[in-house]
Amino acid sequence: MFKTVVTLFRGSVAAAGEELEDRTALLILDQQMRDAAAAVERSKRTLALAIAQDQQEGRKLEATNARIADLETRAVAALDGGREDLAREAAEAIAGLEADRDAAMTARALFATEIARLKRHVASAQARITELDRGRRLARASEAVRSLRRSGIEAARPYEATLPEAESTLRRLRDRQMEAQAADDALFELDAATGPLATAEKLAEQGFGPRLKTTADDVLARLKSKHAPTA
């Protein structure tokens, strides 16, 4: 008996946990979506900063190449002018600039590879976020339909009526309307059978006064009189 009680308790706890998870699944999904979207936005900002820094390094590299070309022109001019000392000084500066240029070019190549990888990562994350958002909207719509079905058993809020209650109210209203219409019809038939008009018609049928209602015989007699051959 004790084992049965323990098993029943464990089953009740598991069922309650599953029910709580089902009820809060959309809330959990919404928060997870917000966290994921925030992470993607941070990645996009980091990627944008990396691209801006790479572009800045590109401009520095262009300036370095321009200085190298300028110094080369001046060194050649110094050699032509017999100033090898100045040409050597320019050559040393050019060697330093070329070392910086080569290091920058290597760094930019690695940076470009990393930026391309980050772009793919961000694009994939955005696609997954979009797909998750589409699935979340579908799940929310499905949950709304399921809540509507569940409302047949109990209302979502204490002060809200259920769909079956509304249907029951409509049935009662229709029943009352049918009862009222039947009563009106019965009263009309009763008036027609026992009222003053009925009495007058009964007297007319016995030859006491003209008929109040035109009969088929009356119409036929009128038609015959209109089409009677003239002498």
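Reader: What pattern does the chain follow, read along the sequence?
Author: Going along the sequence, you get α-α-α-α-α. That comes to five helices and zero strands. Keep in mind that this is a predicted model.

Reader: Ok. How much of the chain is buried?
Author: Buried residues make up 12% of the chain, which has 231 residues. As for the surface, the chain exposes about 18,600 Å². Carbon and sulfur atoms supply 59% of that area.

Reader: And what share of the contacts is between residues 24 or more positions apart?
Author: That share is 63%, counted among the contacts in the chain with a separation of 6 or more.

Reader: Let's get specific. Where is Ala50?
Author: Ala50 sits in helix 1, which covers residues 2-80.

Reader: Is Ala50 buried or exposed?
Author: Buried: its relative accessible area is 11%, and the cut-off for buried is under 20%.

Reader: What is Ala50 in contact with?
Author: If you leave aside neighbours within four places in sequence, Ala50 is in contact with Phe111 and Ile115. Ala50 and Phe111 are 61 residues apart in sequence, yet their C-alpha atoms are 8.4 Å apart in space.

Reader: What about Thr64, which helix is that in?
Author: Thr64 is in helix 1. Thr64 counts as buried, at 10% relative accessibility. Not counting residues up to four places away in sequence, Thr64 touches Leu97 and Arg101.

Reader: New topic: salt bridges. How many are there in the whole structure?
Author: A search of the whole structure turns up 10 salt bridges. One of them is between the side chains of Asp54 and Arg108, at 3.1 Å from N to O.

Reader: What does the Asp54 and Arg108 pair tie together?
Author: Asp54 lies in helix 1 and Arg108 in helix 2, so the pair ties together parts that are 54 residues apart in sequence.

Reader: Which residue does Arg117 form a salt bridge with?
Author: Arg117 pairs with Glu114, and the closest N and O atoms are 2.5 Å apart. Both residues lie in helix 2, three residues apart, which is about one turn of the helix. Arg117 is partly exposed, with a relative accessible area of 40%. Glu114 is partly exposed too, with a relative accessible area of 33%.

Reader: Which residues do salt bridges with shared partners join into one network?
Author: Asp30, Asp133, Arg136 and Arg137 are joined that way.

Reader: Where's Asp30, then?
Author: Asp30 is in helix 1. Asp30 is buried, with a relative accessible area of 11%. Apart from residues up to four places away in sequence, Asp30 touches Arg136 and Arg140.

Reader: And what does Asp102 pair with in a salt bridge?
Author: The side chain of Asp102 meets that of Arg101 in a salt bridge, at 3.3 Å from N to O. At 38% relative accessibility, Asp102 counts as partly exposed.

Reader: Switching to Glu98. Where is that one?
Author: Glu98 is in helix 2, which covers residues 84-150. Glu98 is partly exposed, with a relative accessible area of 27%.

Reader: What is Glu98 in contact with?
Author: Leaving aside neighbours within four places in sequence, Glu98 is in contact with Ile68 and Glu72. Glu98 and Ile68 are 30 residues apart in sequence, and their C-alpha atoms are 7.4 Å apart in space.

Reader: Last one: how far apart are Ser124 and Val40?
Author: In sequence, Ser124 and Val40 are 84 residues apart; in space, they're 10.0 Å apart, C-alpha to C-alpha. Ser124 is found in helix 2, and at 39% relative accessibility Ser124 counts as partly exposed.

Definitions and conventions
Residues numbered from 1 in each chain as written. Predicted model: local features only at pLDDT ≥ 70, side-chain atom pairs only at ≥ 80, totals over all residues. Heavy atoms only, no water. Helix = DSSP H or I, 4+ residues; strand = E, 2+ residues; numbered from the N terminus. Buried < 20%, exposed > 50% of the residue type's maximum accessible area, 1.4 Å probe, protein only. Contact = heavy atoms within 4.5 Å. Areas by Shrake-Rupley, 256 points an atom, 1.4 Å probe, with all protein chains shown as cover. Salt bridge = Lys/Arg side-chain N within 4 Å of Asp/Glu carboxyl O.
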